[in-house]
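Colleague: I have a model open and would like to learn how to read it. Can we go through it feature by feature?

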Amino acid sequence: MPNDFQNVAIAAGTEVPYRRRPPEGTTGDVLAHAFQTALEQSGFDHHEVDGFGVASFTLRPDNAIDMAWRLGISPRWIMDDSNGGASAINMLQHAARAIQCGDASVIVLVSGDRFDKADFKTLVENYNLVTRTYLRPLKNGGPNALFAMLTQRHAQKFKLSRSDYGRISIAQRAWATLNPGAVYRSILSLDDYLNAPMVADPLCLFDCVPVVTGANAIVLARPDRIPSKHASVAIRAIAPSYNADNQLGDGLQTALATLSPRMWHEAEASPAEMDVISVYDDYPVMALIQLADLGFAEDGGIGRLIERVEERDLSVNTSGGQLSAGQAGAAAGMHGLVEAITQLRHQAGERQIEGARLAVVSGYGMVNYRYGMCASAVVLEGNAGR
Amino acid sequence: MNRLFISCCSKCGLKLFPSRYLCPRCGNDSWFEEPAEWGTVSAMTVERDLKGTFGDRMLASIETQAGPTVIAQLEAGCDIGQKVELAIDTDQRILARIPSRI
């Protein structure tokens, strides 16, 4: 079978409003809300859903099957995903193949978390066995210190200053002012950035994602099940990677650097053609690394890349990204995907990129000891302009 | 306070920390331990205690003399490239100490 994604389309992508303070209720409540909004956008009836996938850190002890029961759906394809920032693209890949192979025809994928302070602490201290064994005793308080050191090495290698990373946070915040769903929407100046409290040198408050409660959902279906006038999104290519370097590298490059040439070839597209770009931005340094790995820094290096993001020559993280919109746990990887779907469906309101047709989305995550073990990307094409 | 050890593949010699089941290079499953008694600071950060409960914590990435990089609590600020002594306590906390100049 050729490695194409024909006969499958994305019919919807939604976000439950992100909140800094968790509302009353449970993680399941937030995921159920996302399920309903996505289904409504897709136009499908809830009895038509025959595939269902979930990614969440805090749903336990429930799983996808428990959510299916609570939602009153009886799928014949089900998936629980535990790959954090790479979960959305992983679920997307599996769901697309299930639809292509006839195992399901309408699949809803949901991701998200409800966090209070204790939940978040438990999550970061017990993220995996390596973290619990060697990082928790250092009271490092989560991944900030690790990415502080990664940023330091990146800055040294590419001769960047604190302001250079700040320019990414500032550019994304400017997008966030146009997104009513972002938790932080006021303009950020370079002075604000440079005077912000340090979190883990060289990272300040505006380099670290605000933890939020929220959820995202997408709906995939066989194209013949989607009304022709409904704006939908096709998959051009997917490039997934897990444990690509066995953590023997320095984390300053992801597997996307190796995988992206083949992905662009399969997508029959190039970085220059991308109208919308969503890269996984748990920290500005990771946004820069993924942009470079995907081929957006080939003319003029990282310095020119930052300028192009600032000038909106590249439309990067148009929701404001996780840095301004918030990081809702396992929804983190789906946030950028939903933003790209929203843009390609021409539903992005004030921040809509005119005529957006092509997008690239990357996911990254599952920090092991020093940096993430997963990196994935997908190229998408919308039909809204037709 | 104990000596810190890293894993060394008994077949191909690849050195790793933390340890794995199988060697990613040759697939072998037997290992011997090699002490990592010192290393050099390759990156460092101060994890700020914004709420004022634990106090600031100094953490460093240390490239061990054995090869692998470990994350350690650093006893005092220093420059990148500083040589440090390594140990691990009973809580599995890796500690980096700047050698006293005699």
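Colleague: Let's begin with charged side chains. Which residues are linked in a network of salt bridges?

Modeller: First, a caution: this is a predicted model. A salt bridge here is a Lys or Arg side-chain nitrogen within 4 Å of an Asp or Glu carboxyl oxygen. In chain A, Lys121(A), Glu125(A) and Arg136(A) are linked in such a network. Over all chains, the rule counts 22 salt bridges.

Colleague: How do I read a single pair? Where do Arg236(A) and Glu381(A) sit?

Modeller: Take the distance, then the location. The side chains of Arg236(A) and Glu381(A) meet in a salt bridge, at 2.8 Å from N to O. The pair links distant parts of the chain: Arg236(A) is in strand S8 (residues 233–242) of chain A, and Glu381(A) is in strand S11 (residues 372–382) of chain A. They are 145 residues apart. Then check burial. Glu381(A) has 14% relative accessibility, so it counts as buried.

Colleague: What parts does the pair Glu339(A) and Arg351(A) tie together?

Modeller: These two side chains form a salt bridge of 2.7 Å, N to O. Glu339(A) lies in helix H13 (residues 332–344) of chain A, and Arg351(A) lies in the loop between H13 and strand S10 (358–367), so the pair ties together parts 12 residues apart in sequence. Both Glu339(A) and Arg351(A) are buried.

Colleague: And in chain B: are Arg93(B) and Asp89(B) buried or exposed?

Modeller: Both are buried. Arg93(B) forms a salt bridge with Asp89(B), and their closest N and O atoms are 3.0 Å apart.

Colleague: Now the interface. How many residues of chain A are in contact with chain B?

Modeller: Begin with contacts, then area, then specific pairs. Here 27 residues of chain A are in contact with 30 residues of chain B. The two chains bury about 2400 Å² between them, and 61% of that is on carbon and sulfur atoms. The rule finds 1 salt bridge across this interface. It joins the side chains of Asp201(A) and Arg48(B), at 2.7 Å from N to O.

Colleague: Which elements give two or more residues to chain A's side?

Modeller: Helix H5 (129–135), helix H6 (144–158) and strand S5 (198–200) of chain A do. H6(A) gives the most, with 8 residues. By residue class, chain A's side divides into 15 nonpolar, 8 polar and 4 charged.

Colleague: Last, overall shape. Why is chain A called as compact as a globular protein of its length?

Modeller: Start with the parts list: chain A has 13 helices and 11 strands. Its radius of gyration is 19 Å, close to the 21 Å that the globule rule gives for 386 residues, so chain A is as compact as a globular protein of that length. Its C-alpha trace spans about 55 × 45 × 40 Å along the principal axes. Of its 386 residues, 61% count as buried. Among contacts between residues at least 6 apart in sequence, 77% join residues at least 24 apart.

Methods. Residues are numbered from 1 along each chain as its sequence is written. Chains are lettered from A and ligands numbered from 1 in the order in which they are written. This is a predicted model: local features need pLDDT of at least 70, side-chain atom pairs count only at pLDDT 80 or more; totals for chains, interfaces and linings use all residues. Side-chain values use heavy atoms; hydrogens and water are left out. Contact means heavy atoms within 4.5 Å. Buried area is the accessible area (1.4 Å probe) that two parts lose on being put together, summed over both. Helices (H or I, at least four residues) and strands (E, at least two) are DSSP runs, numbered from the N terminus. Ala, Val, Leu, Ile, Met, Phe, Trp, Tyr, Cys and Pro count as nonpolar, Asp, Glu, Lys and Arg as charged, and the others, Gly among them, as polar. The radius of gyration is taken over C-alpha atoms; the globule rule is 2.2 Å times the number of residues to the power 0.38. Buried means under 20% relative accessible area, exposed over 50%, partly exposed in between (1.4 Å probe, protein chains only).
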